[in-house]
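Please look over the sequence and the model before reading the points below.

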Amino acid sequence: MKNSSLSLSNEVSAGRILLDRAKIQEHWNTGREGLGSMLPANERMAELLGLDDPSIVQDVLRNALIDPLAESTSTRGKRIRGQLVTLGYRLVSDTPASVLATKQCGWCAAIVELIHTGSLVIDDIEDGSSVRRGRPALHIQFGVPIAVNTGNWLYFWPFELLREIELPAEKIFYIYEHCHRTLLRAHFGQAVDLGARVESLPQCRVAAVCLASMKLKTGALMGFASILGGAIAGASPDVLSILDEFGRELGVSLQMFDDLGNLIGKCEPAKRYEDLRLSRPSWVWACAADNSTFRAYEEFCTAVRSLPDAHELEVWSAAHNLVERVRTCAHGYLDAVFRQLKERLDGTNVRWSRRAFEDLRELGEEITVAYG
């Protein structure tokens with residue numbers, strides 16, 4: 001890694017190592033400051049600002065950006081996207097991970113999580129959510145204008161961090177292209193999420209619109225995480241395409257389980273039924289629309305309109321076995337994702353790691369437990 005004022009929080013010992021799941025988790029959890037260590041240090045700020053005297057705005061930036069950034073990166077999520085970088089690397093790398101490759105994977109994992117953190121800040125504002133990971137959402141703590149700017153800043157900062165990776169120039173350019181594409185797709189997905197009032201859609205369109213939103217909004221970043229791991233491993237364009245598609249489809253599966261968690265109130269009880277109440281695309285809407293008669297679906301929409309009084313919705317869900325239908329569909333989609341990955345890898349002439357594949361399957365199982 002190039003000499004930089006940005007400190008990597010997860011150093012590794014010299015020599016060559018082969019990362020397994022335990023090592024990945026240990027490597028990811030030992031950082032003293034987590035994602036906060038990826039924020040710009042004071043000496044880097046002068047270069048970034050380009051001002052003759054950066055101290056003039058130091059206190060203003062501390063209150064309006066640095067403190068909100070520290071708050072937004074202080075809580076640990078499930079870090080599924082970050083793990084996907086290293087697992088993607090291991091899947092297609094035919095050599096043990098060097099110290100440099102290990103650092104590159106850890107660095108890129110943090111970059112992906114920073115982008116995800118920025119999206120959560122903006123998402124909470126657009127959804128009017130007051131809670132994130134058991135704490136007040138950033139816009140509740142600092143106000144909407146500062147939260148908007150902080151979330152947007154986290155979209156741009158990763159482009160600076162990507163310059164720190166010791167990869168050939170053509171690889172960096174490839175990663176830049178895909179980072180830009182990822183942000184575009186995610187914002188397309190957010191536009192669908194905001195613009196499609198699901199209850200107003202024809203029943204026959206609901207599932208397709210929900211799936212499109214999930215592929216763009218959640219799948220894009222998961223695909224980018226997989227691409228990063230493959231790029232560090234030196235994978236060919238064809239293999240990177242396989243990883244991209246796998247990550248995007250795994251992201252859809254994750255979102256299905258997340259939507260299930262919102263239905264049953266597992267992860268954040270305070271946000272239970274939020275997607276339904278806001279009439280935002282979710283797999284709960286899709287399953288209700290796809291597996292119901294016209295009359296039954298109308299009754300479902302009526303029950304949703306009664307929220308926050310959940311009695312009618314709970315009665316309808318029990319009568320139509322909605323929770324189990326969503327769960328069964330999510331498990332089926334997840335199984336198909338891994339089946340397709342194996343088939344596509346077997347169809348190439350590239351050696352790939354069965355051990356890493358099984359560790360990816362284990363990560364998939366963790367998703368099912370964490371969300372659904």
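The lining of the largest pocket is made up of 18 charged, 15 polar and 15 nonpolar residues. The model is a predicted one. The pocket holds about 1100 Å³ of space, and 48 residues line it.

**Largest pocket**

- His 116, Leu 120, Asp 123, Arg 132 and Asp 258 are the lining residues that lie nearest the centre of the largest pocket.
- Helix 5 (99-127) is among the helices that each supply at least two residues of this lining, and with 10 residues helix 5 gives the most.
- Others that supply at least two residues each include helix 4 (80-92), helix 7 (144-161), helix 8 (169-195), helix 9 (203-232), helix 10 (237-264) and helix 11 (274-277).

**Cavities**

- The count of cavities of 30 Å³ or more comes to six.
- The largest cavity has a volume of about 160 Å³.
- Two or more residues of the lining of the largest cavity come from each of helix 3 (58-72), helix 5, strand 2 (135-136) and helix 6 (138-142).
- Helix 5 gives the most to this lining, with four residues.
- Of the 14 residues that line the largest cavity, Glu 71, Ser 72, Thr 75, Arg 132 and Leu 138 lie nearest its centre.
- By class, the cavity lining has five charged, five nonpolar and four polar residues.

**Aromatic pairs around Phe 300**

- There are eight aromatic pairs in the structure.
- One of them joins Trp 285 and Phe 300 edge-to-face, at 5.3 Å centre to centre with 90° between the planes.
- Trp 285 belongs to helix 12 (residues 283-290) and Phe 300 to helix 13 (residues 294-305), so this pair ties together parts 15 residues apart in sequence.
- Trp 285 counts as buried because its relative accessibility is 0%, and Phe 300 is likewise buried, with a relative accessible area of 0%.
- Phe 300 also pairs with Trp 316: the ring centres are 4.9 Å apart and the planes are at 55°, so this pair is tilted.
- Here the link runs between distant parts of the chain, from Phe 300 in helix 13 to Trp 316 in helix 14 (residues 311-319), 16 residues apart.
- Trp 316 is buried, as is Phe 300.

**Aromatic cluster and a charge over a ring**

- One aromatic cluster is formed by Phe 246, Phe 338, Trp 352 and Phe 357.
- Over the ring of Trp 352 sits the charged end of Arg 354, 3.7 Å from the ring centre.

Note on methods: Residues are numbered from 1 along each chain as its sequence is written. This is a predicted model: local features need pLDDT of at least 70, side-chain atom pairs count only at pLDDT 80 or more; totals for chains, interfaces and linings use all residues. Side-chain values use heavy atoms; hydrogens and water are left out. Rings of Phe, Tyr and Trp (its six-membered ring) pair if their centres lie within 6.5 Å; planes under 30 degrees apart count as stacked, over 60 as edge-to-face and the rest as tilted. Buried means under 20% relative accessible area, exposed over 50%, partly exposed in between (1.4 Å probe, protein chains only). A charge sits over a ring if NZ of Lys or CZ of Arg is within 6 Å of the ring centre and within 35 degrees of the ring normal. On a 1 Å grid over the protein atoms alone, a cavity is a set of points where a 1.4 Å probe fits but cannot get out, and a pocket is an open set with protein on both sides within 12 Å along at least five of seven lines; lining residues have an atom within 4 Å of a point. Grid points are joined across faces, edges and corners, and a volume is the space filled by probe spheres set on the points. Ala, Val, Leu, Ile, Met, Phe, Trp, Tyr, Cys and Pro count as nonpolar, Asp, Glu, Lys and Arg as charged, and the others, Gly among them, as polar.
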